[in-house]
Every structure is written in C-alpha cells, then in structure tokens.
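Student: I would like to go through this structure with you and ask, for each label, what stands behind it.
Tutor: Please do, and let us set each value against its cut-off before we conclude anything.

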Amino acid sequence: MSDRHIRVLLVDDHQLIRDGLSGVLDLEADMSIVGVAATVAEAVAKYDELSPDVVVTDLQLQDGTGLDVVRAVRKKSNETGLIILTMHSGDEQIFAAMQAGASGFVGKDAPSSEVVKAARHAAVSPRSFIATGLVGAMMRRQSGESTKLSDREHEVLLLLADGLGAAQIGDKLYLSESTAKSHIAKIYQKLGAANRAQALVTAMRIGLLSSVKPSDS
C-alpha cells in the first residue's frame, strides 16, 4: 500500500479515556494504537520500545505532565508527531505546548474528529504546530505585549515625560546616548507613536503615566 499507516502511542492516566480514544483512533483505516501508557516514565519507555509515528498524551499525568513527554521524545526525534490533550486549553497551555515542541494541541472537549485530524497532521508535519485557538491566542498575546514596557523603558518614558532628551536621559541612567535613543525608539514602536508627544499621550491613555505628576516625592 502506498498510503501511510500511522502507529500511535496513547498516554493518559485514566483507563476510561485511554479506552475511548483507542476505540476512536482504531476505527480509522490509516491508524492503529500500538501501545498505551499512564505515566511520563512509562510513555518514554514505550516510545523507546515501539517507535510510534505519533504520541498522543494528556497534559496532566501522575508523575509529571504531557510536556515532559513531549520534551523527552523531541530530544530523541524530530520526526515523531506529538499531540497534547487537555481539559485546560487556555492561551498559556497552548504556548507551553508549542514551545515544548508539540505538533498539536487539542482540548478534551473538542470532537474526536479533531484528535484524528491532529494525529494525521502530526504524522506528516511533526515540526509544525496546530491548535484550534492558536490564532486568537497569538492575537491576544500580541495586543497584550505590544504596549508592555520593560522596567528600563518605563524609566526612560518617565524622563521623556520630564522633558529630557536622549543625551540627558543617558546621563541620568548611566547609559550612552545611542543606548538611550534605542530605548526611546523601542518605546515609540511599542506605543505606535511617531514622536514624544504622541508617545506621552498614548502612555497616559493606557495608564503608563499619570496625567497629573506629583510635585514632590
């Protein structure tokens, strides 16, 4: 046969879920469950023994997390598909799975067809990442972080509000003038501003600066 048969290792510490997912995946003509595991340690041992094409693992396990499974397998192979299943599918969990090296992330409340689709994706494209909520999570992260200033940038912003120029800011903070200019440019970029006035207006609007500066203190 020219069609690839996908061999799956299933990792979950609840037998009922293992049995249910096994039944779902085994119904697919191009997939079969070659092994099951209930812990991180057992999953890694079964992976070494069976060399599956795809590992589907729960996020919460008794001796660790599915991320531990992903990291352990990813150190051994870049060709293995790695899917995280979880009841908790928030933004942070999605990014954690992506950073660990997973191929996909599926909430346990998703239809079983999503697990099948993710497993097929992982088998053919193990190094790319898919998750239903990924686009929204990335948009939320970008909008949240785009205006988040570092501590140093906030110090520079306060001195800009005092009317200081780059050279004076550099003197105050013991920085070179070019470094001060670099911080100022980064502040403008994060605040979507073209000049000092726009930056200060935006900073006040989003709460980075008080509109009324204290006279003392």
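Student: Leaving aside neighbours within four places in sequence, which residues is aspartate 58 in contact with?
Tutor: The model is a predicted one, and in it aspartate 58 is in contact with Val11, Asp12, Asp13, Gly66, Leu85, Thr86 and Lys108, once its neighbours within four places in sequence are set aside. Aspartate 58 itself lies in strand 3, and the UniProt record, in an unreviewed entry, lists Asp58 under "modified residue: 4-aspartylphosphate".

Student: Why is aspartate 58 called buried?
Tutor: Buried means under 20% relative accessible area, and because aspartate 58 has 6% relative accessibility, it counts as buried.

Student: What is the bridge partner of aspartate 58 in strand 6, and how many bridges join strand 3 to strand 6?
Tutor: The partner of aspartate 58 in strand 6 is leucine 85, and strand 3 and strand 6, which run parallel, are joined by five bridges. Strand 6 also runs parallel to strand 7 (residues 104-107), with four bridges joining the two, and there isoleucine 83 has glycine 104 as its bridge partner.

Student: How do you know that the buried residues of helix 3 lie on the same side of helix 3?
Tutor: The buried residues in helix 3 are Gly66, Leu67, Val69, Val70, Val73 and Arg74. They cover an arc of only 155 degrees around the axis, and therefore they sit on the same side of helix 3. What covers them includes helix 2, strand 3, strand 4, strand 5, strand 6 and helix 4. At the start of helix 3, moreover, a side-chain oxygen of threonine 65 comes to within 3.1 Å of the backbone nitrogen of leucine 67.

Student: What makes the pairing of the side chains of threonine 80 and tyrosine 47 a polar contact?
Tutor: A polar contact needs a pair of N or O atoms within 3.5 Å, one able to donate a hydrogen and the other to accept it, and the contact joining the side chains of threonine 80 and tyrosine 47 is 2.8 Å. The side chain of threonine 80 makes another polar contact, at 3.1 Å, with the side chain of serine 77.

Student: Which residues have the most contacts inside the largest nonpolar core?
Tutor: They are Ile84 and Phe129, in a core of 26 residues. Among the elements that each supply at least two residues of this core are strand 1 (6-11), helix 2 (40-50), strand 6 (81-86) and helix 6 (134-145). A second, separate core has 19 residues, including Leu149, Ala166, Tyr188 and Leu209.

Terms used. Residues numbered from 1 in each chain as written. Predicted model: local features only at pLDDT ≥ 70, side-chain atom pairs only at ≥ 80, totals over all residues. Heavy atoms only, no water. Core = buried A, V, L, I, M, F, W, Y, C linked by side-chain atoms within 4.5 Å. Buried < 20%, exposed > 50% of the residue type's maximum accessible area, 1.4 Å probe, protein only. Arc of directions from axis to C-beta. Contact = heavy atoms within 4.5 Å. UniProt positions renumbered as here; feature names shortened; annotations may be inferred. Pairing = 2+ DSSP bridges.
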